[in-house]
Amino acid sequence: MIADVLSDATARMQKAVEVAKDDFATVRTGRANPQLFQKILVSYYGTPTPLSQLASLQNPEARTLVVTPYDKGALRDIEQAIRDTPNLGANPTNDGNIIRVTLPELTEERRKEFVKLVRSKAEDARVSVRNIRRKAKDDLDALKGELGDDEVARGEKELEQVTKAHVDQIDDALKRKETELLEV
């Protein structure tokens with residue numbers, strides 16, 4: 001019973017860490033990266049559709065991405081979605097077949113803004129992990145009637161260790177991303 005609660009909490013916390021790392025990947029560093037466009041949703045015939053399902057992305061140069069839509073009819077919608085994406089500062093140009101997206105050079109001020117953004121994403125991930133811990137602790141407290149207090153207390157200690165390990169993983173990913181952002 002306790003093992004089930006702990007394994008479920010561990011799996012959910014690991015998923016929260018993965019989501020945080022994916023969020024970090026969408027924040028731009030010095031080089032253009034197709035992952036920056038991972039979360040862009042394009043209004044495709046009225047339905048929000050991920051850009052990766054509508055087009056292929058290539059990275060020919062350090063600050064340029066080429067978006068090749070599978071359906072030429074979606075060209076304008078894709079261009080508009082890229083232009084409207086916050087925190088990207090991208091300037092897409094459309095030549096009728098492909099979209100070239102040129103990303104501006106990162107200034108010191110912009111890098112600091114991105115560090116703040118990444119820190120807020122890390123804090124959201126930490127809150128998510130703590131919410132998972134709270135739910136698992138409630139589940140453990142519900143088991144107190146069936147199991148001994150000592151077993152539940154041991155389970156809670158294990159839960160704290162698992163929580164700390166996952167929060168540390170988020171902090172490590174945050175440090176790596178901050179270093180990457182502030183590197184000129």
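This is a predicted model: local features need pLDDT of at least 70, side-chain atom pairs count only at pLDDT 80 or more; totals for chains, interfaces and linings use all residues.
**Helix α1 and its partners**

Helix α1 spans residues 2-25, and helix α5 spans residues 149-182. Their axes come within 10 Å of each other and cross at roughly 10°. Angles under 35 degrees count as roughly parallel, so α1 and α5 are roughly parallel to each other. The contact of α1 with α5 is made up of 13 nonpolar, 6 polar and 5 charged residues.

Helix α1 also packs with α4, and here too the axes come within 10 Å, but the crossing angle is roughly 170°. Because angles over 145 degrees count as roughly antiparallel, α1 is placed roughly antiparallel to α4. Sorted by class, the contact of α1 with α4 has 14 nonpolar, 1 polar and 6 charged residues. On the α1 side, the residues in this contact include Ile2, Met13, Ala16, Ala20 and Phe24. On the α4 side, they include Val118, Ala125, Val129 and Leu140. Charged members of the contact include Asp23 of α1 and Lys121 and Arg133 of α4.

| Helix pair | Axis approach | Crossing angle |
|---|---|---|
| α1 and α5 | within 10 Å | roughly 10° |
| α1 and α4 | within 10 Å | roughly 170° |

**The cavity**

How many cavities of 30 Å³ or more does the model hold? The count is 1, and the largest cavity has about 30 Å³ of space. Its lining consists of Val5, Asp8, Ala9, Arg12, Ile132, Lys135, Ala136 and Asp139. The elements that each give two or more residues to this lining are α1 and α4, the latter running over 108-142. By class, the lining has 4 nonpolar residues, no polar ones and 4 charged ones. Several lining residues, including Val5 and Arg12 in α1 and Ile132 and Asp139 in α4, also belong to the contact of these two helices.

**Two buried residues**

Glu178 sits in helix α5. Is this residue buried or exposed? Its relative accessible area is 15%, and since buried means under 20%, Glu178 is buried. Leaving aside residues up to four places away in sequence, Glu178 touches Val115 and Arg119.

Thr64 belongs to strand β4, which covers residues 64-69. With a relative accessibility of 9%, Thr64 is also counted as buried. Beyond residues up to four places away in sequence, Thr64 touches Ala32, Gln58, Asn59, Val101 and Thr102.

Note on methods. Residues are numbered from 1 along each chain as its sequence is written. Side-chain values use heavy atoms; hydrogens and water are left out. Axes are lines fitted to C-alpha atoms, for helices over the stretch in contact, and angles run from 0 to 180 degrees between N-to-C directions. Helices (H or I, at least four residues) and strands (E, at least two) are DSSP runs, numbered from the N terminus. Angles under 35 degrees count as roughly parallel, over 145 as roughly antiparallel, 65 to 115 as roughly perpendicular and the rest as oblique. Buried means under 20% relative accessible area, exposed over 50%, partly exposed in between (1.4 Å probe, protein chains only). Contact means heavy atoms within 4.5 Å. On a 1 Å grid over the protein atoms alone, a cavity is a set of points where a 1.4 Å probe fits but cannot get out, and a pocket is an open set with protein on both sides within 12 Å along at least five of seven lines; lining residues have an atom within 4 Å of a point. Grid points are joined across faces, edges and corners, and a volume is the space filled by probe spheres set on the points.
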